[in-house]
Each structure stands twice: as structure tokens, then as C-alpha cells.
Amino acid sequence: MATSKTHYKDSSEDSSPSKTAVYRDSAVSLLLSVSCALLSALAAQFMRLSSQAGVPGLQLIFLMKLAQLIFYLVVLPIYKPKLTTEDTPQAMVLFLSAVTDNLGTIFAFLSFAFVVPGIAFGVIQGSIPFSTACVAFIFLKERVGVLDSCGILCCAAGVILVAFGMSMDDESSSRGLTISILLPIAAAFTKGPNNVIMRFLIGVQGVSVLTVMFYAQLLGTVVLLVLTYAFETPRWTMSGRTVGYVIGLCLCDTFASLFVKLILKVEKAGVVATLLTLVIPFTILLDYPFQSHFPDAMELGGITLVVLGTAVAGGRAWWVNRQKMRQKILLEKMNFSK
């Protein structure tokens, strides 16, 4: 009888460390998410300002990738992560992650050259839950629940409202409007799958964040250099202000990209999509001082629906994930005590 009481006491005491670990991970994820959202919002503004100064879009993205490649070449000798894969399937997944990461970056940052960042992020973040759900269903056979479906539909309605609000702008040509809508949607349909793939590599298979990022930047730098000279006329002579914009763009995107991967190490892709919705209000607030733009009533209503829908779909996933983490840690400690 005494043994039973002692065991019950130990199990109760073990629940406290499990809660502490979960709350610590939650706090770290939230801090990284806020930092990532703010840096992403600033990177979008610097991208648009640099583009307005006459620097071609693909050249700017190339410079971003080059800066990140140099950063990881400096960091790799310090931390010495494993740069080889376990087998051929893992190598193929790593290559696929590099491709989708670069496609998402290209589509997203080119969209900032055609539409103000706050609206672009509204469309991107509103489309990511749907694209993520599609990938999860096709490859992981995961079905979407009722609450998740409501959140996704809310996001879709928000994206439609934003697109309709953009179409009411008399200054937009039909071609420019089409590009302004299609580029953010294309970004979402590459970023959503990329988050799932990255989560699988980093969170499930344990591949180093530095390894994943190094190969992504290496591929992106080479491909974008070719694309820059194939489709654009690079401009290497810039004013001091434009150079400042480009440096700000490279720094902000380097750390924003790194923070996203660190969040994916501890959080599921759906939860990350929810946390990064913070980029929308940050970007809208920055649109006013940087671009002298504030969304109209229809665009603002659509963005509100996007934030609400993402919060509904991702909030439930966050809560379920937290409960599973607590249960897992508690069971591990109970087994250890035996």
C-alpha cells in the first residue's frame, strides 16, 4: 500500500516538469514567431522599396540568397552539422525541400513588387491552410475535421474578398491585377507544402536546420543567378539609399527564414501557419509609413477573415499538439521512474 502511494506521488510530481517543458517550448515558439513575423514584414517593405528604386526583382532575390549562403558558409564550420543524408529517399526529400523553398520565396517576393505587402501577405497566409490541408490529405491521408474545415473556408472567403477589393482599384490593369492575385496564391501553394516537408525533415527525421538551409540557399543562388541574366538586365549601380534597402532586405529575410525553420523543429506545419499570421497586422501597420497605403473596407474585411480562419484552424491544432506533448513527456518520466 505504501509502495502504491509513493508511486502515485512520483507521478504527480513528474507532471510539473512536463508542464514546464511544454510552456517553455510554447514561449520559445511564440517569441520566434513574433520575431519572424516582424522581420518578414520588414523584408517585404524593403523588397518593394528596392523594386520601386529600379532594381529588378529576380536580382534582389538572388542577392538575398547569396547573402544567406555566405551566412551559412560562415556558420557551418562553427556548429559542424552533418551535411550528408542517411539514404537516397532522404536526399530526394531534401532536394524537394530546397526546390519548394526557393519557389515559395520567388513567388512571394515577386508579389511584393506588384501589390503592397500587407495585401500580398493576406492572400498568402489565407491560402496556406488550404494548400497544407491538400498536401496532408494526398501524401499523409490526413482528413480535415469540421472545425478545421470552417477555418479553411473562412480563410478562402477572406482571400476572395481581398481579391475583389483589389479588382475595384481603378489604377490596376487587368494584367497587373491577375499577376497580383496569382503570385501570392502560387507562393501559398509552394510555402504550404514546403512547411510540411521541412517539418518532416527537421522535426521527424532530425536533419539539422543548418543543413537544410545550406542546400536551399546553394540551389537558390545558382538558379537565381542564371534567371537574373536570362530574364532581366541586372542593375549593379545603386544609390546609397537603395543599397540600404537591399542590405535591410538581406538581413531581415536571412533571420526570418532561419526562425521559421527553428519553429518547424518543435511545431507542426499547421501550427506554424497560425503563428505566422502575425505577419499580416505587422505588415499592414508598416504599409502606411513605408507605402502610404491603408487597405480599404473590403480588403480589411477579407484580411480579418483570413486571420480569424487561420486562428480557428491552427488554434485547435496548437492545443491538440500541446496536449500530446504533455502526455508524451509525462509518460516518458513515468516509465523512467519505474
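What share of the contacts in the chain with a separation of 6 or more comes from residues 24 or more positions apart? The share is 89%, where contact means heavy atoms within 4.5 Å.

This is a predicted model, in which local features need pLDDT of at least 70, side-chain atom pairs count only at pLDDT 80 or more, and totals for chains, interfaces and linings use all residues. Residues are numbered from 1 along each chain as its sequence is written, and side-chain values use heavy atoms, with hydrogens and water left out.

**View 1. The whole chain.** The chain has 11 helices and 0 strands. Helices (H or I, at least four residues) and strands (E, at least two) are DSSP runs, numbered from the N terminus. Of the 338 residues, 48% count as buried. Buried means under 20% relative accessible area, exposed over 50%, and partly exposed in between (1.4 Å probe, protein chains only).

**View 2. Helix α2 against helix α7.** Helix α2 spans residues 57-79 and helix α7 spans residues 209-231. Their axes come within 8 Å and cross at roughly 150°. Axes are lines fitted to C-alpha atoms, for helices over the stretch in contact, and angles run from 0 to 180 degrees between N-to-C directions. The two helices are therefore roughly antiparallel to each other. Angles under 35 degrees count as roughly parallel, over 145 as roughly antiparallel, 65 to 115 as roughly perpendicular and the rest as oblique. By class, the contact of α2 with α7 has 18 nonpolar, 6 polar and 1 charged residues. Ala, Val, Leu, Ile, Met, Phe, Trp, Tyr, Cys and Pro count as nonpolar, Asp, Glu, Lys and Arg as charged, and the others, Gly among them, as polar.

**View 3. Thr228 in helix α7.** Thr228 lies in α7. Is Thr228 buried or exposed? Thr228 is buried, with a relative accessible area of 1%. Leaving aside neighbours within four places in sequence, Thr228 is in contact with Leu58, Gln59, Phe62, Thr233 and Pro234.

**View 4. Helix α2 against helix α8.** These helices pack at an angle of about 60°, with their axes 9 Å apart. α2 and α8 are therefore oblique to each other. From α2, residues including Leu60, Leu63, Met64 and Phe71 take part, and they meet a set in α8 that includes Val246, Leu249, Cys250 and Leu258. By class, this contact has 11 nonpolar, 3 polar and 1 charged residues.

**View 5. The largest nonpolar core.** This core has 39 residues. A nonpolar core is a set of buried Ala, Val, Leu, Ile, Met, Phe, Trp, Tyr and Cys residues joined through side-chain atoms within 4.5 Å. Met47, Ile61, Phe109, Phe112, Leu249 and Ile280 have the most contacts inside the core. The largest share, 7 residues, comes from α1. Leaving aside neighbours within four places in sequence, Ile280 is in contact with Phe121, Gly122, Gln125, Ile303, Val306 and Val307. A second, separate core of 26 residues includes Phe214, Ala256, Val272 and Leu275.

**View 6. Lys80 in a loop.** Lys80 lies in the loop between α2 and α3. Lys80 has a positive phi of about 50° although it is not a glycine. Most residues other than glycine have a negative phi. Lys80 is exposed, with a relative accessible area of 64%.
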